[in-house]
Amino acid sequence: MDVSAETRSVKADAPLATAVQRNDRAAIRQLLDKKAGINVAQPDGTTALHWATYHDDLDLVTRLLAAGADVR
């Protein structure tokens, strides 16, 4: 998967990042199944990967990386 086009995407609506921020497991699962924008950032630049790391959720970090999360 080429994440380069999506890597710098910042939107007011970043559903996956918001779901991870809220630790909403059902929404996270649903959004990952739909291949939602893994690297879409919230307005402050925070991504789903940032939030998973913040929550110290190694399982979710691993899932996001496998789904194409950009570590940069």
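Helices are DSSP runs of H or I with at least four residues, strands are runs of E with at least two, and both are numbered from the N terminus. The model described here is predicted, and local features need pLDDT of at least 70, side-chain atom pairs count only at pLDDT 80 or more, and totals for chains, interfaces and linings use all residues. Residues are numbered from 1 along each chain as its sequence is written, and side-chain values use heavy atoms, with hydrogens and water left out.

The protein chain has five helices and zero strands, so that from the N terminus on its elements run α-α-α-α-α. Of its 72 residues, 44% count as buried, where buried means under 20% relative accessible area, exposed means over 50%, and partly exposed lies in between, for a 1.4 Å probe and protein chains only. If contact is taken as heavy atoms within 4.5 Å, then among contacts between residues at least 6 apart in sequence, 64% join residues at least 24 apart.

In α3, the residues Ala27, Ile28, Leu31 and Leu32 are buried, and they lie on the same side of α3 because they cover an arc of only 125° around the axis, the arc being that of the directions from the helix axis to the C-beta atoms. The cover over the buried residues of α3 includes α2 (15-21) and α5 (58-66). After α3 comes Lys35, whose phi is positive, near 60°.

The loop between α3 (25-33) and α4 (48-54) holds Gln42, which counts as buried because its relative accessibility is 9%. The side chain of Gln42 makes a polar contact with the side chain of Thr18, at 3.2 Å; such a contact is a pair of N or O atoms within 3.5 Å, and within protein one must be able to donate a hydrogen and the other to accept it, while residues adjacent in sequence count only if both atoms are side-chain atoms.

A search of the whole structure finds one aromatic pair. This pair, formed by Trp51 and Tyr54, is edge-to-face, with 5.4 Å centre to centre and 85° between the planes. Rings of Phe, Tyr and Trp (its six-membered ring) pair if their centres lie within 6.5 Å, and planes under 30 degrees apart count as stacked, over 60 as edge-to-face and the rest as tilted. Both Trp51 and Tyr54 lie in helix α4, three residues apart, about one turn of the helix. Trp51 is buried, because its relative accessible area is 15%, whereas Tyr54 is exposed, with a relative accessible area of 62%.
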